[in-house]
Amino acid sequence: MKNLRRKTLAAASAATLGVGLALTGGLAPAAAAGPDTSYLVLAPQGANTSKAAARVAAAKGTVVATYDQIGVLVVRSTNPDFATQVAGAGVESVASTAGLGTALDEGETVEVSAADVASATGDPTKEPLYGQQWDMNMIHVPQAHAVTTGSSNVVVGVLDSGISSTHPDLATQIAKDKSTSCIGGVVDTTEAAWNPTNSDHGTHVAGTIAAAVNGVGMTGIAPGVKVAAVKVVNNDGYIFPEAAVCGFLWAADHGMQLTNNSYFIDPWELNCRNDARQRPVWQAVQRAIRYSQSKGVLNVASAGNSNFDLAHKITDTGSPNNGTPEERENLTNACLDLPAEAPGVVTVSAVGRTGAKSFYSSYGLGVVDLTAPGGDTRYRTQGASPTTTDGILSTTFNTTTKTNGWGYKQGTSMSGPHATGVAALALSAHPGMTPGQLASFLERTSVAQSCPEGVYNPAPLHPDGPHAYDATCSGGARNSFYGAGMVDAYNVVK
């Protein structure tokens with residue numbers, strides 16, 4: 001399976017990938033100390049973690065975070081036999097998360113120069129870069145803003161690489177009292193901890209959702225709402241399962257109604273719950289998502305940048321992304337892209353400036369719920385050749401120079417926050433909707449997009465082969481490329 005998100009980082013975990021299952025039997029003698037390794041230890045569903053914690057201590061592990069809400073412990077241990085020794089009464093399963101991080105798909109950021117900002121002309125609200133935000137007109141944001149720009153009672157959790165708290169378009173938009181780092185599965189609410197250190201990805205996402213209308217740069221879809229930084233990407237650029245679990249629970253317990261998730265939980269893009277190596281990760285993440293939904297959170301996730309039909313999983317040739325690639329064949333629908341395919345999560349594909357599916361966007365009938373602008377700098381169906389400005393303009397933070405700015409990115413990481421921003425406007429105009437009601441409302445108010453005829457072969461340049469980005473759309477009014485249709489900001493508030 002082609003995966004445009006995958007990249008190799010030099011700082012990948014030095015520990016060998018290993019996942020243990022819960023086994024029966026007594027404790028074995030301790031072996032020589034091994035590397036300090038992180039584990040997820042799961043108590044039986046519905047049980048508290050006290051018995052599991054006792055097993056952890058007996059197996060020479062240290063609990064670093066306790067999530068009694070879902071019966072999950074985050075543990076560290078240097079005992080190489082920890083996974084075997086911790087098994088027993090009170091422990092349903094255990095997984096080492098060493099090597100289980102996925103590299104965040106950064107994508108290139110093309111920055112807008114200070115001179116370009118100064119010379120730009122915008123809309124009547126005096127946002128100088130608004131004229132470059134083609135995506136806002138596509139989903140009727142100006143018409144929506146004539147009704148509402150959103151309510152400050154709505155808080156969106158941005159589970160990502162952090163948000164720059166000094167950015168002039170975001171400084172007033174961040175709910176600092178609800179922001180945290182979840183790196184290592186451990187909460188750290190200091191402002192430095194949840195600011196970006198290695199990536200501007202979260203800052204870009206946050207700007208699309210809620211950049212202020214202040215005459216400085218650009219506007220977000222819902223500038224009246226608040227965003228909370230929930231940092232789940234570590235300084236090496238990886239998302240580990242324990243960080244995602246922490247993020248979902250933090251959002252649930254701190255009054256957030258929405259989360260945006262522009263990542264997937266790896267090292268296998270398709271996490272197979274019928275695979276002994278991966279089942280504990282699936283269980284822990286699924287429990288966290290279900291808990292957040294029970295607390296009134298709608299989770300929105302990007303479909304992915306692999307141009308992969310998620311409804312027809314056959315082979316996976318690109319996983320894991322931080323180890324030796326292995327080809328897996330004859331996959332079933334027990335293998336899911338997390339969190340995008342978790343039940344109740346709204347999954348979003350991407351389109352470019354013409355409204356056609358972006359060449360990179362994954363898709364799938366019954367998987368993709370909605371579509372939104374994500375940019376496509378390689379393809380236009382009408383007229384001029386594509387350019388940088390066919391990407392999505394938003395807020396940026398240069399992690400080398402430590403300066404704020406604006407720039408273009410493309411990906412389903414950019415389409416997801418468009419849907420999240422529209423959802424934030426919907427909640428502002430119609431407060432009190434449950435996650436299920438809100439998801440249904442977003443679909444009912446979307447604008448249906450028809451399948452293109454024949455094989456969709458979008459990109460005029462194919463560095464990976466002449467048919468590298470072929471895709472076939474299936475379905476009718478609701479289809480595999482666009483789900484129920486394009487999100488529409490005006491339709492949810494009028």
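**Figure 1. R378 over the ring of F359 in the predicted model****.** R378 lies over the face of F359, at 4.6 Å from the ring centre. The rings of F359 and Y360 form an edge-to-face pair, with 5.2 Å from centre to centre and 80° between the planes. Both members of the pair are shielded: F359 is buried at a relative accessible area of 5%, and Y360 is buried at 2%. By the rule applied here, the count of aromatic pairs comes to seven.

**Figure 2. The aromatic cluster of Y363, Y456, F481 and Y482****.** A pair of aromatic rings is described by the distance of the centres and the angle of the planes. For Y456 and F481 these values are 5.4 Å and 65°, and the pair is edge-to-face. The two residues come from distant parts of the chain, 25 residues apart: Y456 belongs to strand β21 (residues 455–456), whereas F481 lies in the loop between β22 (471–472) and α12 (489–493). Both Y456 and F481 are buried. The charged end of K357 sits over the ring of F481, 5.4 Å from its centre.

**Figure 3. Strand β11 and its parallel neighbours β7** **and β13****.** In a regular strand the side chains alternate between the two faces of the sheet. In β11 (residues 258–261), L258 and N260 point one way and T259 and N261 the other way, and all are buried. Strand β7 (residues 155–160) runs parallel to β11 and is joined to it by four bridges. Strand β13 (residues 298–302) also pairs with β11 in the parallel sense, over four bridges. N261 takes part in both pairings: N261 is the bridge partner of L159, and its bridge partner in β13 is A301.

**Figure 4. The disulfide of C182 and C246****.** The S to S distance of this link is 2.1 Å, and with -65° about the S-S bond the link is left-handed. C182 lies in the loop between β8 (180–181) and α6 (191–194), and C246 lies in helix α8 (residues 241–253); the pair links distant parts of the chain, 64 residues apart. Both cysteines, C182 and C246, are buried.

**Figure 5. The disulfide of C451 and C473****.** Two disulfides are counted in the model; in the one shown here, the S to S distance is 2.0 Å. The torsion about the S-S bond of C451 and C473 is about -60°, so this disulfide is left-handed. C451 lies in the loop between α11 (435–444) and β21, and C473 in the loop between β22 and α12, so the link ties together parts that are 22 residues apart in sequence. C451 is partly exposed, with a relative accessible area of 23%, whereas C473, at 13%, counts as buried.

Note on methods: Residues numbered from 1 in each chain as written. Predicted model: local features only at pLDDT ≥ 70, side-chain atom pairs only at ≥ 80, totals over all residues. Heavy atoms only, no water. Phe/Tyr/Trp six-rings, centres within 6.5 Å; stacked < 30°, edge-to-face > 60°. Buried < 20%, exposed > 50% of the residue type's maximum accessible area, 1.4 Å probe, protein only. Lys NZ or Arg CZ within 6 Å of the ring centre and 35° of its normal. Pairing = 2+ DSSP bridges. Disulfide = S-S within 2.5 Å.
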